Amino acid sequence: MDFRAVERAILERGVEWKFEPTLDRIAALLDLLGSPHRAYPVIHIAGTNGKTSTARLTEALLKERNLRVGRFTSPHLVSMRERITVDGEPLSEERFAQVYEEIIPYVELTDAQGPRRIQFFEMLTAMAFAAFADTPVDVAVVEAGMGGSWDATNVADGAVSVITPISLDHMDRLGPDIPSIASEKAGIIKAGTTAVLAQQELGAAEVLMRRAAEVGAVVAREGLEFGVLNREVAIGGQLLTLRGLKGVYDEVYLPLYGAHQASNAVCALAAAEALTGGDDPLDGDLVRQAFAQASSPGRMEVVRRTPTVVLDAAHNPGGMQATLEGLHEAFDFAKVIGVVAVMRDKDVDALLELLEPILDEIIVTRNSSPRSMAPEELAALAEPLFGEDRVHVVERLDEAIDQGIGLADAEGEFSGTGVLITGSVVTAGDARLLLKADGS
């Protein structure tokens, strides 16, 4: 089968956002495959926001130590292949198809055991674990898809677990409040391992600490055992002094914007230190080199200049708050034009309330997902906040981007007007493809 046929076959297995509290199917499949998820140590990452960026930053540190690293993240921006990388590169189309063909006989055996067949995300999880074992990798950095306890990735026992900031998202599946969501995500913390905890709301912190105590995990908390000591805005990013678990690392340039990315970086640092064992700090030059080369596509990413166009995958209130704080800090925009497409199952009112003080005008549109809210519905929610004159309805994302750039251009080259494209990971991915940013 070629890559496109494999992609279609995987998509036919369901949709990524369906959540079912069982690990039975994925565990049975991996048992048939010879337990590939136990062939290497795993750094397991859960949380609401910052998971993918933290995974990429962790990978960068481990690669700089000359380790072969497998990384599994979700969702993808442009290509399904982005989810499974080895040494920082997505599997080729040929290799992706080959991995699928190697495991599909075992998938079909598992399907036959019923009552439900292997689902979309379970398939990709199994493919990632199999590809990493076959390579083989020295370590795998694995991002949970949704939640933690019942996420398909939780068949792995992470030697290090990382919990990024927890906020309200997927409440219909994970629970109605922060403690409920934290309880689900805390399930990745396993006995005798190290739990690296980003700064959390009190309700989340209490749940996570209780879980760590119950299973006997060593706890490392941002702001206590490790943290960002100093942060200065720099051209193209920020300059950091980081206190890890084993030492202080100064003059660390991070080409990513916002306090949230500094937090992601220090969590990645703590995770890499925890994995290495011993008491010696990492080599400072290694840390500086790794982070200087870091990237996080679709996260506060500048994809065009004159006018400056920034795209970001924020899709829940916590993520949007971090994005807007980073935008204010890193870009001296006099005016901001927003191009916004959101999923209809998100807290759209909260997202719009956060955007209103920042955006001078908002262009509401749709992305390529069937879950995308119709532009007319989005406009009906936006107009009471923004007023009709500031809301523009455009049916297609490409035309919405063109209009946003046109409005910014009309202000003049030296007006300091920028364009922010946001509202969803799919929106960021679609815009990235349309604007021909590097999709690696």
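**A guided reading of the predicted chain**

Residues are numbered from 1 along each chain as its sequence is written, and side-chain values use heavy atoms, with hydrogens and water left out.

Along the principal axes, the C-alpha atoms fill a box of roughly 60 × 50 × 40 Å. The chain has 15 helices and 17 strands, these being DSSP runs numbered from the N terminus (helices H or I, at least four residues; strands E, at least two). Buried residues make up 56% of the 440, where buried means under 20% relative accessible area, exposed over 50%, and partly exposed in between (1.4 Å probe, protein chains only). Of the contacts (heavy atoms within 4.5 Å) with a separation of 6 or more, 72% join residues 24 or more positions apart.

The interior can be approached through its nonpolar cores, each a set of buried Ala, Val, Leu, Ile, Met, Phe, Trp, Tyr and Cys residues joined through side-chain atoms within 4.5 Å. The largest has 40 residues, of which Ile-10, Ile-84, Phe-96, Met-123, Met-127 and Phe-132 touch the most other members. Among the elements that give two or more residues to this core are helix 1 (3-11), strand 3 (84-86) and helix 4 (93-112), but helix 5 gives the most, with eleven residues. Leaving aside neighbours within four places in sequence, Ile-10 is in contact with Met-80, Phe-96, Tyr-100, Phe-120, Met-123, Leu-124 and Met-127. A second, separate core of 37 residues includes Val-252, Ala-265, Leu-269 and Ala-294.

Helix 9 (residues 259-276) is mostly covered, with 13 of its 18 residues buried. At 1.5 Å a residue this helix should span 26 Å, and its end C-alpha atoms are 26 Å apart, which agrees; the expected span is 1.5 Å times one less than the number of residues. After helix 9 comes Gly-277, whose phi is positive, near 75°.

Charged pairs form a further theme. Side chains of opposite charge can pair when their charged atoms come close. A search of the whole structure finds 21 salt bridges, each defined as a side-chain nitrogen of Lys or Arg within 4 Å of a carboxyl oxygen of Asp or Glu. In one of them, Glu-59 and Arg-71 have their closest N and O atoms 2.9 Å apart, and the pair links helix 3 (residues 51-64) to strand 2 (residues 69-72) across twelve residues. Both partners are buried, Glu-59 with a relative accessible area of 5% and Arg-71 with one of 2%.

Asp-345 and Arg-371 meet in another salt bridge (2.8 Å, N to O). Asp-345 lies in the loop between strand 14 (335-340) and helix 12 (348-355), and Arg-371 in the loop between strand 15 (361-364) and helix 13 (375-386), so the pair ties together parts that are 26 residues apart in sequence. Here Asp-345 is partly exposed, at 38%, whereas Arg-371 is buried, at 17%. Finally, Arg-4, Glu-7 and Glu-93 are linked in a network of salt bridges.

Key. This is a predicted model: local features need pLDDT of at least 70, side-chain atom pairs count only at pLDDT 80 or more; totals for chains, interfaces and linings use all residues.
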